[in-house]
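Please look through the model below. My notes follow as numbered points.

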Amino acid sequence: MSSPAPSKPTVLLIGDMRQASAHWEALAAKYTLLTYHTPTNTRAEFLARLRSDAAWQSVVGCYRSNHSTAVTGPFDAELVAALPPSWRYVAHLGAGYDNIDVAACTARRLAVSNTPGAVDDATADTGMFLMLGALRAAGPAIAAVKAGVWRGGDTTRAGAPHMPAPHLSRVAKGHDPKGKTLGILGMGGIGRAMARRAVAFGMEVVYHNRNRVGERLEFLGTSPAAGDGDGDGNGSGKEHRARYVTFDELLATSDVLSLNLALNESTRHIISAAQLARLKPGAVIVNTARGGLIDEARLVEALESGQVSAVGLDVFENEPHVHPGLLANDRAFLLPHIGTSTWETEKEMEILTLRNLESAVDTGRLLTLVGEQKGLAWAEGKA
């Protein structure tokens, strides 16, 4: 008499999957797949299912995203405490994971991954777009041309006066990035991608990090020498490097300050009244990381006083609500948190999240473990 086939591990998809559903469905060959992503799902229902659904009692890991917070609420201590004993892995889609209580997960020996690397280029592209939009005062210009008021009422194409619409400002002259200093707070993958792009615009780059990165990571490329038209770096062109500075020097010397660090309790409001006062007067602030890094009310005050000349923001402190002072200010160039919203990046992120989940279930090791859990033998699959 043959023994029964061993049961397959059970994994749960929380939220939706937009591009890698075929990859998810293929996992059915070796896992039992559960999903929780209908529009009516709520946190209360999710917690109830954790307590009472027999199928959920054998879940070993889940795939979740920042968007899934809408149906489960944050992955906080309450939720972590309700997980069945079998649950050991959280594969998170997103570089940021401030809606996961990593400390609670660690206390429960629940390993967590995110998706660094996959988001670097798209987020850095968005950062550069915001920087250029803020430097060039593009917001009012875009609004004017869409309203049919050429340059906000400056001149018409024919050169005759054109009265501005009451709600539009005249288009202002902006500033070039060339010759400016980009200061990067957080020299991880996204910060380094921003730095490389800034060099192409003729900017100098300084950065501050908890620790200085290695010289290899500070290298940003070489400009071709005169006559070295192929740009292969073999001539005697200028070598570009990011320069490590103190936090105070970063604030005092940056023409553009870009925030590229994670949000946690130690970084919340890392830019508030005291830091804004120490900024180089007229600096531009760009934020593609998390809105909670900046005290938004104090930022509005600095923008209105001119201490900050302009901002380029993709993230906000109380999303989806944006501070009215930002909405009303022509020098605030704003996007609705679309930093990674490209077809290519979204698919790459989804596949990496699935690879994390698959690796964890099959080998006990997440591929891109969050920083807070690195060095923990059990989280790295070594115990």
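1. Arg290 sits in the loop between strand E12 (283–287) and helix H12 (296–305). Helices (H or I, at least four residues) and strands (E, at least two) are DSSP runs, numbered from the N terminus.

2. This is a predicted model, where local features need pLDDT of at least 70 and side-chain atom pairs count only at pLDDT 80 or more, while totals for chains, interfaces and linings use all residues. Residues are numbered from 1 along each chain as its sequence is written, and side-chain values use heavy atoms, with hydrogens and water left out.

3. Is Arg290 buried or exposed? Arg290 counts as buried because its relative accessibility is 15%. Buried means under 20% relative accessible area, exposed over 50%, and partly exposed in between (1.4 Å probe, protein chains only).

4. Which side chain makes a polar contact with the side chain of Arg290? That of Asp98 does, at 2.5 Å. A polar atom of the Arg290 side chain also lies 3.4 Å from the backbone oxygen of Gly96. A polar contact is a pair of N or O atoms within 3.5 Å; within protein, one must be able to donate a hydrogen and the other to accept it, and residues adjacent in sequence count only if both atoms are side-chain atoms.

5. Leaving aside residues up to four places away in sequence, Arg290 touches Asn66, Gly96, Tyr97, Asp98, Leu263, Val315 and His337. Contact means heavy atoms within 4.5 Å.

6. The chain is divided into domain 1 (10–114 + 344–379) and domain 2 (120–137 + 172–223 + 239–334), with bounds from an automatic or database domain assignment. Their C-alpha centres lie 32 Å apart.
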